[in-house]
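Good morning, and thank you for coming. I would like to take you through one protein chain, moving from its overall make-up to individual residues. Please keep the sequence and the structure in view as I speak.

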Amino acid sequence: MTNEIFLSYSSKDKDYAERVINYIEDNGYDCFIASRDISGGNHYAKNIVNVISACKLVILIASSNSNESEHVLNEIDICVEKKKKIIPLFIEDFDICDEFRYYLGRSQRVVVHDGDMEEVLPRLLDSVKQEYPKTVSQNQVGEVEEPAENKETNKISKTVFEYDHNRGIMINPEDRMRNISFRQDTLLNLMGGIYESIKDATDEENANAVYYQCGYEGGSNFGARLNSKLSQENLSLEEKLSKWCEFDSTVGWGKFKSNIVVNEDKGTLEGTISINECFMVDKKKNRRICSYIKGYCTGVIGSLLGDIEVELTCQTCPIKNKFKSECVSGIALKMEE
């Protein structure tokens, strides 16, 4: 943890502080909160001074409690001495002490109205971004880190989406488009019901073809946008595929992994794409709605490779073998007929 943001607060306002920290960290910033980040044997005052010296920004939980706290006043004094930008979050109305009035007189305040923290947190984040803008990489937001040896492997990822208060919706910050989340069983029932209707009206082959084409169109569009975004980074084709897997592993589709080797000189491509716990696998009812994800992957890979046609062949299928949780598809260039 780099402790980019230091949080100053009274211990009596710990609940507010934890809500602020959780929200700010869920949006890609590293924070320091004394109750969590100072271990019992360390010298408290020395740690606080060191953290404030190294941090980029300070958030103050301003309240009647912090107004009367010697620890908070000492921290703010150090912040001013170190010339750190302070964003005061006023969680209540109170008579400001002279020290606060002096230190915070010209600071841009964020004020909680009627105790509505949910309303104010996006505005607080906007203030943080204005004072300390940074590009949040995928391994800071949304990536499930590969665990180090001898450590617990059950890591929980942070979301890559954020709440747009003005619109009242969750969005993808990359393109400001709406994100809608479903439980997996809800989505399977929705997609499965449509699949069964197409199959009953025509046949299973046609149902698979429809779902494959829908996935392919979506994958091609996403691959084209991702390719445009990565065009300035001078990445190899394998690196582009890895970036795609990093992104899609954060949005609930499953854990994507690319093991594809591209030889541009020989004009060959081979390898596999695997998805652990793919959301589009309907083990319970054995519906082949996973043809959608097959089309999606084909479209993304083709776009990232420069509109080259590829073909995916199922190698490991959780529907055929319910002891398996991973979908594995072999990938090769599609041969002209």
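Predicted model: local features only at pLDDT ≥ 70, side-chain atom pairs only at ≥ 80, totals over all residues.

**The chain as a whole**

The chain holds 337 residues, of which 43% are buried. Its secondary structure consists of eleven helices and twelve strands. Let us also consider contacts between residues at least 6 apart in sequence: 62% of them join residues at least 24 apart.

**A covered strand**

How many of its five residues are buried? The count is five of five, so strand β4 is described as mostly covered, by the rule that buried means under 20% relative accessible area. The side chains are divided between two directions: Ile86, Pro88 and Phe90 point one way, while Ile87 and Leu89 point the other way.

Which strands pair with β4? One is β3, residues 57-62, which pairs with β4 in the parallel sense over five bridges. Within this pairing, Ile61 has Leu89 of β4 as its bridge partner. Another is β5, residues 110-111, which runs parallel to β4 and is joined to it by two bridges. Here Phe90 stands opposite Val111 of β5. Phe90 and Leu89, both among the buried residues of β4, therefore each take part in a bridge, Leu89 with Ile61 and Phe90 with Val111, as pairing is counted from bridges between strands.

**An open sheet and its helices**

I now turn to another part of the chain. Four strands form an open sheet in the order β9-β10-β12-β11, and their pairing is antiparallel. Strands β9 and β11 (310-316) are at the edges; each has a single partner strand, so one side of each has no neighbour in the sheet. On average, neighbouring strands of this sheet are turned by 20° against each other, direction ignored.

Inside the sheet, β10 pairs with β12, residues 326-333, in the antiparallel sense over seven bridges. As an example, Ser274 stands opposite Val328 in β12. Helix α10 packs on the sheet, where it touches β9 and β10, and its direction makes about 170° with that of β9. Helix α11 lies across β9, β10, β11 and β12, and runs at about 135° to β11.

**Aromatic pairs**

Next come the aromatic rings. A pair of such rings is described by two quantities, the distance of the centres and the angle of the planes. In this model the count comes to nine aromatic pairs. One of them is formed by Trp244 and Phe256, with 5.5 Å centre to centre and 70° between the planes, which makes it edge-to-face. Why does this pair tie together separate parts of the chain? Trp244 lies in helix α10 and Phe256 in strand β9 (residues 255-263), so the pair links parts that are twelve residues apart in sequence. Both Trp244 and Phe256 are buried. Elsewhere, ring pairs link Trp253, Phe279 and Tyr296 into a cluster.

Cys55 is buried, with a relative accessible area of 2%. For Cys278, the closest cysteine sulfur is in Cys327, at 4.8 Å, which is too far for a bond. The cut-off behind this reasoning is that the two sulfur atoms must lie within 2.5 Å. Cys278 also counts as buried, at 4% relative accessibility.

**Two asparagines in loops**

Asn234 has a phi of about 55° and sits in the loop between α9 (204-230) and α10 (237-248). Asn286 has a phi near 60° and is found in the loop between β10 (268-276) and α11 (291-304). Are these residues exposed or partly exposed? Asn234 counts as exposed because its relative accessibility is 73%, whereas Asn286, at 39%, counts as partly exposed.

Thank you for your attention.

Conventions. Residues numbered from 1 in each chain as written. Heavy atoms only, no water. Buried < 20%, exposed > 50% of the residue type's maximum accessible area, 1.4 Å probe, protein only. Phe/Tyr/Trp six-rings, centres within 6.5 Å; stacked < 30°, edge-to-face > 60°. Contact = heavy atoms within 4.5 Å. Axes fitted to C-alpha atoms, helices over the stretch in contact; angles between N-to-C directions.
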